[in-house]
Amino acid sequence: MIVALALGGIFLDAYDLTSLAYGITDIRAQFGLSPVAAGAVSASISVGAIFGAWLGGVLVDRLGRYRVFMADMLFFVVSALGCALAPNAAVLIAFRFLMGFGVGMDIPVAMAFLAEFSRLRGRGSKGSRTAAWSPAWYGATSGCYLVIMAVYFLLPAEHHGLLWRFTVGFGAVPALVILLVRNKYMNESPSWAADQGDLRRAAEILRESYGVHAVVADDAEDAPRRPERRGLRDFALLFRRRYRARTVQALVIGLAQTFGYNAVAYGLPLIIAGLLGQAALSTISASLVLNLVFAMSGGLLGIRLANRPGAWPTTTAGFAVQLAAMVALALIGEPTRTGWVLAAICALGAFMFAQAAGPGAHFMSFASLSYPTSIRGVGIGFNQGTLRVGSTLALFFFPVLSSGLGSDVFWVLAGAPVLGLVALLAERWEPVGYDADAGTGR
């Protein structure tokens, strides 16, 4: 239940990030936005996520996983309703920023739960469960397009411009449900409680959540709490000699995958409708198929590949396929024949399959499993907050670049997997199967 609820938060993150992807064209028309203003609307959620992740990562380690996990759901409920009712672009940007802040806070704590409520190896391992965020993410994007399609058929044609409002507002419903269920079933991470020196609480959680008859040894009752840290010293720990190379590699991998993913996945409606010249229903259907068939299957494969061959080989292969897909799309250009349109859609599908199975699934493993419990939240938060800079740039500049460059924009996007491959080939670090608290690996 705890793992499912952690993935439920990831589901909401993806739904909220995707909910305006299709509607950005209608938003531009409704509010009379320029390409730059439309980029600001798209990027505002990512800007909020930057600050939410940085702050959330620190709070996760200081206050505990449970408190932050409950608080961030309120951001989802309020911001979804605010976006749906926004009277102008300024209000929409403000609530999208608030939504992003909730997304940024949620991911560090969700990934910490997945890492700390899982065994080291075998079925249900840390590696496979941190990789499980990928199919959960693509399940949410597919669900978002299903909601769009349902509303498309329910609304009269003259009101199709309101599709984005219904889609965004619907996100408040699952957020409220998850908040209530979390309140009933969630518990604090026993790893975090023990790391804080509260061994009695850790033993109590093990008994309540696992049915493990855990007791505290008499000579361990007075275990001291770890001293609280303040300010930038929390992040400075990530750049100590032991963790520096892991931190930099995880960050570069994350920046590479998130720039490419945000431009392609959130730009799907723009790519299909604009560059490939398809109508509204075809755009919705193609986006749904690409997410449900290609991305979901890739994410499920990523879970199976987590333990063997591991995160490093799978991520490397994923970036290589993405590079080939971007080059193919650039060479195809703006197709005028049906065969070339289908070839372009297949290339998009190959990109998303490789993303979901490789870097999309496992960049979280590099960020989550490379650090011990004491700094795991800070590590994930720093990684997420900083790589959101890449997603912000992608969301802001992709509408501008695609308008100015057309299909040549794919040559620019091809640089993302190249950067990821360089980071991976620089050092072969395998986080899956590594016990960060004990300092031992496979």
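1. Start with the aromatic cluster. Ring pairs link F51, W54 and F97 into a cluster. Rings of Phe, Tyr and Trp (its six-membered ring) pair if their centres lie within 6.5 Å; planes under 30 degrees apart count as stacked, over 60 as edge-to-face and the rest as tilted. The three residues of the cluster, F51, W54 and F97, also form a nonpolar patch on the surface. Together they have about 270 Å² of accessible area. Patches are made of residues with over 30% relative accessible area and no salt bridge; like charges are joined within 9 Å, and nonpolar side chains (Val, Leu, Ile, Met, Phe, Trp, Tyr) within 5 Å. Accessible areas come from the Shrake-Rupley method with a 1.4 Å probe, and for residues only the protein chains shown count as cover.

2. A word on the source. This is a predicted model: local features need pLDDT of at least 70, side-chain atom pairs count only at pLDDT 80 or more, and totals for chains, interfaces and linings use all residues. Residues are numbered from 1 along each chain as its sequence is written, and side-chain values use heavy atoms, with hydrogens and water left out.

3. Now the overall picture. The protein has 21 helices and zero strands. Helices (H or I, at least four residues) and strands (E, at least two) are DSSP runs, numbered from the N terminus. Of its 442 residues, 59% count as buried. Buried means under 20% relative accessible area, exposed over 50%, and partly exposed in between (1.4 Å probe, protein chains only). The accessible surface comes to about 17,300 Å². Carbon and sulfur atoms hold 66% of that surface.

4. Contacts reach across the sequence. Among contacts with a separation of 6 or more, 82% come from residues 24 or more positions apart. Contact means heavy atoms within 4.5 Å.

5. Which residues of helix α2 are buried? In this helix (residues 24-31), they are I24, I27 and F31. Seen down the axis of α2, the buried residues fall within an arc of 55°, so they line one face of the helix. The arc is that of the directions from the helix axis to the C-beta atoms. On the other side of α2, T25 and A29 are exposed. The buried residues pack against α3 (35-63), α5 (89-116) and α8 (163-170). Just after α2, G32 takes a positive phi of about 65°.

6. Aromatic pairs deserve a look. A search of the whole structure finds nine of them. One of these is F31 with W164, an edge-to-face pair. Their centres are 6.3 Å apart, with 70° between the planes. The pair links distant parts of the chain: F31 sits in helix α2 and W164 in helix α8, 133 residues apart. Both F31 and W164 are buried.

7. F51 and F97 form a tilted pair, 6.4 Å centre to centre, with 50° between the planes. F51 lies in helix α3 and F97 in helix α5, so the pair ties together parts that are 46 residues apart in sequence. F51 is partly exposed, with a relative accessible area of 43%. F97 is partly exposed too, with a value of 32%.

8. Is S44 buried or exposed? S44 is buried, at 5% relative accessible area. This residue is found in helix α3. Not counting residues up to four places away in sequence, S44 touches I93, R96 and F97.

9. How many salt bridges does a search of the whole structure find? The search finds one. E204 forms a salt bridge with R201, and the closest N and O atoms are 3.3 Å apart. A salt bridge is a side-chain nitrogen of Lys or Arg within 4 Å of a carboxyl oxygen of Asp or Glu. E204 and R201 both lie in helix α11, three residues apart, about one turn of the helix. E204 counts as partly exposed at 32% relative accessibility. R201 counts as partly exposed at 26%.

10. Helix α11 (residues 199-210) also holds A202. At 6% relative accessibility, A202 counts as buried. Leaving aside neighbours within four places in sequence, A202 is in contact with P190, A193 and A194. A202 and S189 are 13 residues apart in sequence and 7.7 Å apart in space, C-alpha to C-alpha.
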